[in-house]
Structure formats: C-alpha cells, structure tokens
Amino acid sequence: MSVPMNVSILKFDAVVVGAGGAGLRSAIQLSEAGLKTAVLSKVFPTRSHTVAAQGGVAASLGNSEEDHWRWHMYDTVKGSDWLGDQDSIEYMCRKAVEVVVDLEHYGMPFDRVDNGKIYQRNFGGHMSNFGEKPVRRACAAADRTGHAMLHAMYQRNVKANTQFFVEWMALDLIRDPEGVVVGVSAMEMETGQIAIFHARAVIFATGGAGRIFASSTNAFINTGDGLGMAARAGIPLEDMEFWQFHPTGVAGAGVLITEGVRGEGGILRNADNEHFMERYAPNAKDLASRDVVSRAMTTEIKEGRGCGPNRDYVLLDITHLDPETIMKRLPGIREISIQFAGVDPIKAPIPVVPTAHYQMGGIPTSYDGRVVALGADGENVVVPGFYAAGECACASVHGANRLGTNSLLDLLVFGKSAGDSAVEDLKVGKAHRELPKDAADRARSRIEAIDQRQGGVSVHEARQAIACAMQDHAGVFRFADLLQKGVTRILEVEKMTQNLEIKDKSLVWNTARVEALETENLIEVAKATMISAEARKESRGAHMRDDAPNTPEFPNGRNDKAWLKHSLWHREGNRVAYKPVRLQPLTVETVALKTRSY
C-alpha cells in the first residue's frame with residue numbers, strides 16, 4: 001500500500017492534539033469562546049486513556065470532613081519531594097473545587113453521600129491539617145471516574161460544535177522561521193492521507209508514554225507522540241527521569257487496580273499474611289505516597305516475602321469489607337480482578353505488583369498552559385502559539401512523585417488554563433501566519449522511509465528492545481552501573497529505530513505504519529528518561545538510586561544543595577541542562593523543605 005502524498009491544508013483557529021481529559025477540557029474553552037476548533041485523536045474521544053482512570057479527582061470540597069486547599073497544596077508539595085513548582089501547585093489546588101463544580105454542571109454522575117453532595121474517598125498521601133491524618137478528598141464516580149469524565153466533556157464539546165478528527169495521528173509540529181508554532185502535520189490512519197492543520201494556536205494533550213516499559217498500566221496508544229514531536233521541533237523535555245510505578249497492577253497483566261481500593265480500606269499483605277506497610281509508613285500505612293508503597297512492595301518481594309509459586313507478588317486484601325460496599329464502590333475492580341487475575345476479591349485477595357503508570361515529566365509549561373523553553377540567559381521563554389496540558393505537559397505540579405487523583409485534577413485545571421490562554425492570545429490579530437514551504441516535508445519523508453526501506457528492523461523487534469532496556473535499567477530501584485549501561489544500550493536501540501521497516505509489504509495496513517511512527521516517538525522518550533536518570537546523582541521521589549547516601553545531611557538520599565532543580569533534556573546532543581525549582585507560591589508562604597516521611 002502506498003501513501004497518497006498530495007497534502008491538503010485545513011485552517012482552524014486552534015488545533016488540539018489529543019482527545020483525553022486535557023484535550024476535551026481545552027476544547028470546551030476554545031469552542032465556547034467562538035473559536036473554530038479541531039481536535040485530533042488516534043481513537044474515539046471516549047476511548048482515550050483517561051477512560052482508565054478509576055479512583056477519583058482531588059478537590060478539597062470538605063463534603064465528608066473538614067478540608068482546605070492549603071492542606072492539599074502541602075500534601076502535593078510533600079508528595080513531589082519538593083521538586084514541584086509551588087506557584088503551579090497553589091494554582092492547581094485553589095482551582096480544584098472550581099473545575100469539579102464545572103464537571104458537575106456538565107452532568108458528570110458523581111457518587112453521592114446521603115445529603116446529596118459529591119462522595120469523597122481516601123487516597124494515598126492526602127492528609128488533613130498538614131500531614132496529621134488521612135482525609136477524604138477524592139471525588140469519585142464509583143471506580144470509573146475517568147470514564148464518566150470523558151463522556152461528560154465529550155458531550156459538552158458536541159454541544160459547543162467542536163470539530164473532531166477521529167483516527168488521525170499527528171506527525172510533526174510546524175514552526176515558522178521565527179520559531180512560532182503555526183500548525184501540525186497529521187495522517188488519517190484509514191487512508192494514509194497527509195494533511196496540514198494550519199492554526200493560530202496548537203495545544204498538545206497527547207498523554208503519557210508508559211509503553212516505553214515492558215510492564216505498564218498504560219494503553220497501547222500511550223506512545224509519547226506529543227513528546228516526540230516537541231523534541232524533534234527543538235523543545236526540551238523536563239524531569240523525564242521521574243516515572244511513577246503504581247503499587248497495584250494485576251500480577252502478570254499490568255492492568256491497574258485503583259488506589260481507591262486501599263482508600264476504601266484495602267490492605268497489602270505478604271506471604272506471612274503480615275500487614276507490612278505498618279513497618280514502612282507507620283502513620284499513613286497503605287495510604288502512603290505511591291513511590292513509598294511501590295518500594296515497600298518491591299523490598300518485600302526481593303527479601304523473599306512475596307506470594308505465589310515464584311514469590312513475585314504481594315496480595316491486596318479487601319475480603320474484610322462488606323460485599324455490598326465492594327459491589328457499590330468498586331464494581332469495575334471486581335470485574336478486572338475476576339477477568340485478569342482469576343480472583344473474586346470478595347472471596348480472596350488480589351495478586352498485585354508495582355507497574356509503570358505515570359510520567360511526571362514532559363513538555364515544560366507554566367501554570368497558564370503556555371509552553372516555555374529555556375532562553376540563553378537561563379530564563380523561561382514562551383514558545384509562541386504552543387500550549388500543552390495533561391500528562392504530556394510538565395507544569396511541575398507533580399515534581400518527583402504524583403499523588404493519586406492529582407492526575408485528573410491536573411488535566412482539568414491545566415486543560416482549562418491552556419484553553420483560556422489560547423483564547424486570550426488569539427484576541428490579538430485574526431490572520432494566520434504563513435506556513436513554511438517545507439511544512440509537510442518531514443512527515444512525508446518519515447512515511448516514505450518506513451514504506452520503502454529494505455532490510456531494516458521490524459517494529460516489534462524495536463519496541464521490544466526499548467521496553468526491555470527501560471525495564472532492566474530504569475525501574476523502581478536504580479543502580480549507578482545499570483544506568484550507565486542503560487544509556488549505552490538505549491543509544492544502540494535508537495539505531496534500530498532509525499532503520500524501521502514494515503516487513504511484509506503485501507500485508508501493509510496503516511496500523512503497521514502508525515506503529516512504526518509511534519516507535520519513533522517512543523525512542524525519544526526512552527532516551528530522555530534514561531539519560532536524565534543517569535545524570536541525576538541523588539534519590540528523590542520516584543527516582544531511587546542505590547548509590548545516593550542516606551545520611552542526616554541527605555535524608556533518603558535527597559541532596560537539596562546540589563539537585564533541587566529541574567532537568568531539561570535536549571534532543572540535540574542528548575544533553576541535560578537544569579533550571580531552578582520555583583519555591584515561591586502565588587499568595588502564601590513557601591512550604592519549607594523537610595524530610596519526607598509518612
């Protein structure tokens with residue numbers, strides 16, 4: 001099959017790439033402001049990966065007990081291991097109630113308490129009164145919160161006349177000679193037709209890239225497309241060494257078991273039936289932050305207290321809960337457990353292991369959703385016409401570790417702010433800037449190379465090589481020698497991805513072509529992750545190095561004197577630069593540095 005290489009040009013005021021939570025929330029702001037808005041998505045919007053979010057969205061509503069946005073802010077800064085930018089964190093936590101109320105007005109079917117208010121449950125790392133005790137802050141729709149959210153926002157977009165391009169894959173970001181973003185090239189997946197979406201504003205909401213790991217809770221569409229496009233356009237990627245491993249993926253399958261299970265009272269047990277989290281986090285126990293719980297589970301397994309014939313998992317036990325509670329609050333989890341683990345959690349514990357889950361780093365943005373690059377003098381410089389939100393972006397609210405339910409909050413708050421910023425910017429001038437003459441050349445040449453190459457590497461082989469390298473060298477615990485070898489190995493794998501070939505050309509479907517193009521994005525994310533991780537010589541949040549000294553001066557291996565800074569991986573030269581963490585919030589006092597414990 002050959003690709004039709006005539007290129008059509010479609011003009012819009014704004015183009016949103018990605019139709020998950022962040023993309024849909026951005027599009028609502030744009031379309032309701034009267035802007036002609038296109039949304040590109042590889043899948044139908046309600047099948048975007050936000051659909052897999054189960055447990056809830058954080059907001060200090062205080063519906064079940066006293067709560068305050070300052071407590072939420074403190075928990076988020078602490079959860080980030082102080083690598084989060086405190087102005088962005090304050091902005092997110094203060095906006096939380098507003099965006100949840102927006103959802104309610106869109107018709108989202110939240111669970112309710114007896115007085116009719118939104119039901120809230122406990123989640124790891126969310127505490128009252130600056131770390132005193134767990135607080136119910138997660139606003140939930142049973143264990144299908146992301147599913148309900150996507151449907152509510154998709155319907156709102158339909159009402160606002162947002163134009164959707166379903167099963168289209170964005171290929172490359174288009175910048176003019178002055179560096180202004182003027183659109184994206186994209187391919188219709190069914191026909192292979194290339195088009196240029198010429199726009200006055202481009203918002204990336206392309207999600208994460210969890211498929212760089214062999215064991216992941218992420219869907220197969222999560223291939224870091226926005227990160228690959230940004231990197232190829234000369235924009236650095238921020239804090240890519242920080243990847244969250246969710247404590248509870250189904251053993252052997254990787255499918256997510258929400259933290260909401262522990263929020264409802266679930267307990268992690270080892271082979272001795274011991275409630276082992278009492279030893280690692282005496283206060284928060286099973287509701288400590290995810291990096292702490294994941295390391296505790298991995299330690300139990302490594303020290304021989306794992307369960308099963310190979311002692312390679314632990315158990316998540318909810319058999320002590322009322323079956324009616326499980327059926328009401330966790331119906332999807334029961335279904336997942338029966339289907340993927342062969343266990344009915346009403347009757348027996350679920351086998352679970354830590355699994356790659358969430359990318360804390362991404363395209364550097366400010367809390368208003370505008371993409372920022374580092375200028376020659378070390379200052380943040382806005383990239384005109386370019387915005388990003390959700391998991392592909394790094395407004396740095398998550399820092400070195402994300403708290404559960406802050407991901408849905410992130411995509412709502414920053415999806416909305418990116419949309420609002422684009423609306424504000426587009427009030428100035430109505431004309432589109434000229435497209436560069438070579439606007440479609442990169443996309444065209446990438447596809448032609450894949451289609452015409454002989455004697456290259458299969459996509460499956462290249463993807464396996466990426467996933468195995470990342471799993472072997474950049475997992476829950478990281479070791480100096482393995483990271484050094486990992487950098488060498490991933491650069492060797494990169495050579496494989498530069499030689500991709502669709503092997504059986506008599507059976508070429510566009511899915512094969514799409515997978516090859518996705519692989520070119522995956523390798524950019526893998527390089528950024530491995531090189532940034534090897535460069536950071538400390539332990540912080542999800543990045544735990546064995547060679548970082550654990551002393552009173554460097555508690556848990558964290559070195560604030562040398563490493564309280566964001567990394568910026570540049571594709572050109574595979575170099576890592578750094579910029580300071582913004583410790584000054586917008587209106588309140590800085591959350592002071594301290595040892596992080598639960």
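Two strands are said to pair if DSSP finds at least two bridges between them. By that criterion, strand β19 (residues 565–570) pairs with β20, since six bridges join the two strands, which run antiparallel. The structure described here is a predicted model. The protein chain contains 16 helices and 20 strands. Its radius of gyration is 23 Å, close to the 25 Å that the globule rule gives for 598 residues, so the chain is as compact as a globular protein of that length. Taken along the principal axes, the C-alpha atoms fill a box of roughly 65 × 55 × 50 Å.

**The sheet β10-β19-β20**

- Three strands form an open sheet in the order β10-β19-β20, and their pairing is antiparallel.
- The edges of this sheet are β10 (237–238) and β20 (575–580); each has a single partner strand, so one side of each is left without a neighbour in the sheet.
- The strands β19 and β20 form a hairpin with four residues between them. In the turn, G573 has a positive phi of about 85 degrees.
- In a regular strand the side chains alternate between the two faces of the sheet.

**The sheet β11-β14-β13-β12**

- Another open sheet has four strands in the order β11-β14-β13-β12, with antiparallel pairing.
- Here β11 (243–250) and β12 (267–269) stand at the edges; each has a single partner strand, so one side of each is left without a neighbour in the sheet.
- From one strand to the next, the twist averages 45 degrees.
- Three bridges connect β12 with strand β13 (residues 314–317) in the antiparallel sense. In this pairing, R269 stands opposite L315 in β13.

**Pairings of strand β17**

- Strand β17 (residues 380–388) runs parallel to strand β9 (residues 194–204), and three bridges join them. F204 stands opposite A388 in β17.
- Strand β17 also pairs with strand β16 (residues 370–374), in the antiparallel sense and over four bridges. A373 stands opposite V381 in β17.

**Helix α15 and its neighbours**

- Two packed helices are described by the angle between their axes and the distance between the axes.
- The axes of helix α12 (residues 441–452) and α15 come within 10 Å and cross at roughly 120 degrees. That angle makes α12 oblique to α15, and the crossing is right-handed.
- On the α12 side, the contact is made by R446, I447, I450 and D451; on the α15 side, by R513, A516, L517, E520 and N521. These contact residues divide into four nonpolar, one polar and four charged.
- The axes of helix α14 (residues 480–497) and α15 come within 9 Å and cross at roughly 160 degrees. Because an angle over 145 degrees counts as roughly antiparallel, α14 is roughly antiparallel to α15. This crossing of α14 and α15 is left-handed.
- In the contact of α14 with α15, the residues of α14 include L483, V487, I490 and L491, while those of α15 include I523, A526, M530 and I531. By class, the residues of this contact divide into ten nonpolar, four polar and four charged.
- E520 of α15 takes part in the contact with α12 and also in the contact with α14.

**Helices α3 and α11**

- The axes of helix α3 (residues 86–106) and helix α11 (residues 406–426) come within 8 Å and cross at roughly 90 degrees. That makes α3 roughly perpendicular to α11.
- Among the residues of α3 in this contact are Y91, M92, K95 and V99, and among those of α11 are L409, L412, V413 and F414.
- The contact of α3 with α11 has nine nonpolar, three polar and five charged residues.

Note on methods:
Residues are numbered from 1 along each chain as its sequence is written. This is a predicted model: local features need pLDDT of at least 70, side-chain atom pairs count only at pLDDT 80 or more; totals for chains, interfaces and linings use all residues. Side-chain values use heavy atoms; hydrogens and water are left out. Axes are lines fitted to C-alpha atoms, for helices over the stretch in contact, and angles run from 0 to 180 degrees between N-to-C directions. Angles under 35 degrees count as roughly parallel, over 145 as roughly antiparallel, 65 to 115 as roughly perpendicular and the rest as oblique. A crossing is left-handed if the near helix is turned anticlockwise from the far one by less than a right angle, and right-handed if clockwise. Contact means heavy atoms within 4.5 Å. Ala, Val, Leu, Ile, Met, Phe, Trp, Tyr, Cys and Pro count as nonpolar, Asp, Glu, Lys and Arg as charged, and the others, Gly among them, as polar. The radius of gyration is taken over C-alpha atoms; the globule rule is 2.2 Å times the number of residues to the power 0.38.
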